[in-house]
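Subject: Handover of a structure and the findings on it

Dear colleague,

Please find below the structure that I am handing over to you. I would be grateful if you could read the notes that accompany it.

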Amino acid sequence: MVAAARAIEEYGPGVGTAQIAERAGVARPHVYRHFHSKEDLEREVLRFAADQLIDTVRPALRVSGTAPAIIEGVIGAAIGWAAGHPNLYRFMAARQQNKETHRARLGRTRFLGEVVAAASAYMRTSEVQVDPPDGVMAGLMGMVDAGIIWWLDHHDESKEEVTTRIAHQVWLIMRDLAQSVGVALDNDRLLSAR
């Protein structure tokens with residue numbers, strides 16, 4: 001799996017089994033002694049990459065501050081990871097569109113689960129329990145992925161500019177979601193990590 005991730009980093013998201021085997025130092029047929037199928041290998045690479053991304057983003061999910069500042073920290077960390085692993089990020093984003101890969105990347109122990117848990121904790125009050133719908137969070141993830149991939153492909157903005165732009169878009173959606181359940185969030189309200 002690590003060899004597959006490194007091959008994706010080197011050759012791009014469309015890497016072939018022969019390139020993965022070469023990177024692992026094994027004959028091509030030996031790749032499938034460890035994985036039942038190409039889909040099985042891809043799921044494991046997705047889990048591996050998602051774990052790395054989560055490890056990078058998690059500290060930004062555990063801070064106190066205003067909602068826009070917290071969101072900007074999370075987005076900045078994700079963009080930083082993507083900049084360091086552009087092909088692996090593209091691989092993850094391209095393969096999140098079916099149910100099986102959604103589970104690998106967006107399951108409760110994956111990146112989206114971390115974001116949902118953090119958003120719920122920030123928006124929870126004694127009167128309101130918030131559990132953002134997974135569909136809304138998946139839509140946000142798709143918007144973030146598209147923005148980051150565009151930036152990786154075009155670099156038409158600085159890292160700071162794309163971080164600020166995407167974070168602002170996420171903030172608007174999160175603010176609207178909070179307001180829909182009776183939690184008023186504004187740009188200056190300080191939130192504490194829980």
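The notes below go from the whole chain to single helices and residues.

This is a predicted model, in which local features need pLDDT of at least 70 and side-chain atom pairs count only at pLDDT 80 or more, while totals for chains, interfaces and linings use all residues. Residues are numbered from 1 along each chain as its sequence is written, and side-chain values use heavy atoms, with hydrogens and water left out.

Overall picture

The secondary structure comprises 10 helices and two strands. Helices (H or I, at least four residues) and strands (E, at least two) are DSSP runs, numbered from the N terminus. Read from the N terminus, the order of the elements is α-α-α-α-β-α-α-α-α-α-α-β. Of the 194 residues, 46% count as buried; buried means under 20% relative accessible area, exposed over 50%, and partly exposed in between, with a 1.4 Å probe and protein chains only. The protein exposes about 9700 Å², and carbon and sulfur atoms supply 53% of this area. Accessible areas come from the Shrake-Rupley method with a 1.4 Å probe, and for residues only the protein chains shown count as cover. Among contacts with a separation of 6 or more, 65% join residues 24 or more positions apart, where contact means heavy atoms within 4.5 Å.

The nonpolar core

In soluble globular proteins, nonpolar side chains tend to be buried together. A nonpolar core is here a set of buried Ala, Val, Leu, Ile, Met, Phe, Trp, Tyr and Cys residues joined through side-chain atoms within 4.5 Å. The largest such core has 43 residues, of which Val 45, Ile 75, Tyr 89, Ile 148, Ile 166 and Val 170 touch the most other members. At least two residues of this core come from each of helix 1 (2-11), helix 2 (17-24), helix 4 (38-61), helix 5 (67-84), helix 6, helix 9 and helix 10. Helix 5 gives the most, with nine residues. With neighbours within four places in sequence left aside, Ile 148 is in contact with Ala 78, Ile 79, Ala 82, Tyr 89 and Ile 166.

Why is helix 6 largely enclosed by the rest of the structure? Seven of its nine residues (the helix spans residues 86-94) are buried, so helix 6 is largely enclosed. The buried residues are Asn 87, Leu 88, Tyr 89, Arg 90, Phe 91, Met 92 and Ala 93.

Leu 152 is found in helix 9 and counts as buried, at 9% relative accessibility. Not counting residues up to four places away in sequence, Leu 152 touches Ala 82, Ala 83, Pro 86, Tyr 89 and Arg 90. Leu 152 and Arg 90 are 62 residues apart in sequence, and their C-alpha atoms are 9.1 Å apart in space.

Helix 1 and helix 2

In helix 1, the buried residues are Ala 3, Ala 4, Ala 5, Ala 7 and Ile 8, and they pack against helix 2, helix 4 and helix 6. Helix 1 and helix 2 pack at an angle of about 115°, with their axes 8 Å apart. Axes are lines fitted to C-alpha atoms, for helices over the stretch in contact, and angles run from 0 to 180 degrees between N-to-C directions. The contact is made by Ala 3, Ala 4, Arg 6, Ala 7, Glu 10 and Tyr 11 of helix 1 and by Gln 19, Ile 20, Glu 22, Arg 23 and Ala 24 of helix 2. Just after helix 1, Gly 12 takes a positive phi of about 105°.

Other residues

Most residues other than glycine have a negative phi, and most peptide bonds are trans. The phi of His 155, however, is positive, near 45°; this residue lies in the loop between helix 9 (134-154) and helix 10 (159-180).

Gly 80 is found in helix 5 and is partly exposed, with a relative accessible area of 31%. The C-alpha atoms of Gly 80 and Lys 159 are separated by 8.1 Å, although these residues are 79 residues apart along the chain. Glu 160 lies in helix 10 and counts as exposed, at 57% relative accessibility.

Yours sincerely
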